[in-house]
Amino acid sequence: MKISHFIAGQPHAGSGIHTGPVFNPSNGHKLYDLDYGDSDLVDHAVAVAKKAGAEWAKTSQARRLQIIFKMRELVIANTDRIAEITGQENGKTLADAKGEIGRALEALEYATNAAQISKGEYSLNVGGGIDVYSFRQPVGVVGCIAPFNFPVMVPLMMASMAIACGNAVILKPSEKVPGASFLLSELWKEAGLPDGVWNMVNGGKEVVDGILTNPDIPAISFVGSTAIGEYIYQKGSHHGKRVAAYTGGKNHMVVMPDADLEAAASAFVSAAYGSASQRCMAISLLLPVGKQTADKLIELIVPKIKALRMGAYNDPKADFGAVISTVSKEQVLASIDTAIEQGGELIIDGRFGEDSNGFYVGASLIDNVTVEMEMYKKEIFGPVRGIVRVNSLDEAIDVTNHHEYGNGAVIYTRDGNSAHRFTVEVKAGMLGVNVAVPVPVGHHNFGGLRRSKFGDAHMFGPDAARFYSDLKTVSQRWPESGGDSHTLSMAFPSNE
Ligand code: NAD
């Protein structure tokens, strides 16, 4: 079986010269081959999207939103199918995949507000009988480049608002998980979206570079690793595009001595190891404040972590699944060796015990991590988490701010002042107070700070409607005949 591109409302084989395998991480078997596109195919898809987008932009807002509503219904009706494909390609459990689909629905639901969020303003008689109004128009064709870890949520979060605002999209899904996006392509068509408004071009760097350089794509949204996001931001900006790039995370969870430690322990284990830790908002580092807090927390979390069961995506007893690839598995295992070499204490060792061909790494935990260690510095996209022991809230905030990333950060405490200081002083975009995965709901902006995000725009939440549209401001006067508008004046216009 082969997965092709989806252009102009139908599967498109492309040149067919180059294909790559897509694996099932749960058993290591090849699922199918994927057609890889090139920049010529991107150019073709963009030409299709530009034409379709121009018509789509003229379609009434009411009609556009009906299609978003219909897509929502179809995603709900096809939840089991979408979850199955997501689990097969990504390795996450079906329960986790369904949770992801729930958040993807939130994006579709919020996109039905596009007309409200993107409406303009009007000022009557600002001076000299002039009225000023502003309005938003779709930008045209939007390039969406997605990661492997949320095969449904990220493409839908990117595309729903872009489409609702009247744009056409070129989606480049991760080459590791293209099947879910292919099914979404079919669902968009079934929802009544005109052909060519949603297009999917598969592949790797060549397709991405085609998107970054095509002059008919004015806006690019990207989600993925920091190295690639920075490249996309720089190259896209160089080519005159607006770019929103959401990148890596290393999310710290501070636990104060006054916190409900039992609640904090459960929250840490879920937020740290869920989805085999392959979430940008996963907790990566636990920062207990004070020795007593650290010792008590370790006592509470160790049995919970040891009880976690990894397994195939469709094993109903599995708490989390395999990591995405053999390369990823090797990197995660190597990170444990490095942590030990650099002085970390491995208190839970998940390296052994799985003899299937799947890409499994068991939950592992390293104590006594310091800011000098790779375990602190690097994002590890697999179930290896660290404990950084700190002695005060000040030190916890310093350590959190020391990291180059600022995606999410969390505090567990019963003290309002500690929580307030944390939210004000920590430089991360999404903060949790007794909430371990502070991913905002669809009607709030999502996004990190520092090297977790490039570009000042948001592609999810209310700002997305602004990112996916151009603002124009019109000053207009309709003078009565015989007024003073024939008078010559060389002065800069004033509003008097
Ligand atoms: P990735 O950067 O490897 O890939 C992301 C996209 O970039 C894919 O479509 C891929 O094909 C493309 N790509 C890969 N190498 C490229 C290259 N050399 N040139 C051009 N394009 C290239 O990321 P991933 O492994 O798929 O996803 C995991 C990463 O995504 C993690 O770092 C995670 O934190 C991050 N992420 C961030 C958020 C967020 O909101 N901040 C959300 C989800 C995931």
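This passage walks through the salt bridges of the structure and then a handful of individual residues.

The model is a predicted one, so local features need pLDDT of at least 70 and side-chain atom pairs count only at pLDDT 80 or more, while totals for chains, interfaces and linings use all residues. Residues are numbered from 1 along each chain as its sequence is written, and side-chain values use heavy atoms, with hydrogens and water left out.

Salt bridges come first. The term stands for a side-chain nitrogen of Lys or Arg within 4 Å of a carboxyl oxygen of Asp or Glu. Searching the whole structure turns up 29 salt bridges. One of them links Lys-58 with Glu-55, and its closest N and O atoms are 3.2 Å apart. Helices here are DSSP runs of H or I with at least four residues, strands are runs of E with at least two, and both are numbered from the N terminus. Lys-58 and Glu-55 both belong to helix α1 (residues 39-58), and because they are 3 residues apart there, about one helical turn separates them. For accessibility, buried means under 20% relative accessible area, exposed means over 50%, and partly exposed is in between (1.4 Å probe, protein chains only). Lys-58 has a relative accessible area of 64%, so it is exposed, whereas Glu-55, with 48%, is partly exposed.

Another salt bridge joins the side chains of Asp-80 and Lys-98, with 3.1 Å from N to O. Asp-80 sits in helix α3 (residues 79-90) and Lys-98 in helix α4 (residues 94-111), so this pair ties together parts that are 18 residues apart in sequence. Asp-80 is exposed at 53% relative accessible area, and Lys-98 is partly exposed at 40%. Then there is the salt bridge between Asp-195 and Lys-189, whose closest N and O atoms lie 3.0 Å apart. Both ends count as partly exposed, with 41% for Asp-195 and 39% for Lys-189.

Some salt bridges share partners, and in this way Lys-291, Asp-295, Asp-367 and Arg-389 are joined into one network. Within that group, Lys-291 lies in helix α11 (residues 291-306) and is exposed, with a relative accessible area of 58%. Its side chain makes a polar contact with the side chain of Asp-295 at 2.6 Å. A polar contact is a pair of N or O atoms within 3.5 Å; within protein, one must be able to donate a hydrogen and the other to accept it, and residues adjacent in sequence count only if both atoms are side-chain atoms. Lys-291 and Arg-389 are 98 residues apart along the chain, yet 7.5 Å separates their C-alpha atoms.

What about a lysine that is tucked away? Lys-172, in strand β9 (residues 168-172), has a relative accessibility of 3%, so it counts as buried. The side chain of Lys-172 makes a polar contact with that of Glu-175 (3.4 Å). Contact in general means heavy atoms within 4.5 Å. Setting aside neighbours within four places in sequence, Lys-172 is in contact with residues including Cys-144, Val-201, Gly-203 and Ile-211.

Ala-276 has a phi near 55°, a positive value in a residue other than glycine. Ala-276 is placed in the loop between α10 (261-273) and β14 (283-288), and is buried at 0% relative accessible area. Arg-450, also not a glycine, has a positive phi near 50°. Arg-450 is part of strand β21 (residues 449-450) and is partly exposed, at 28%.
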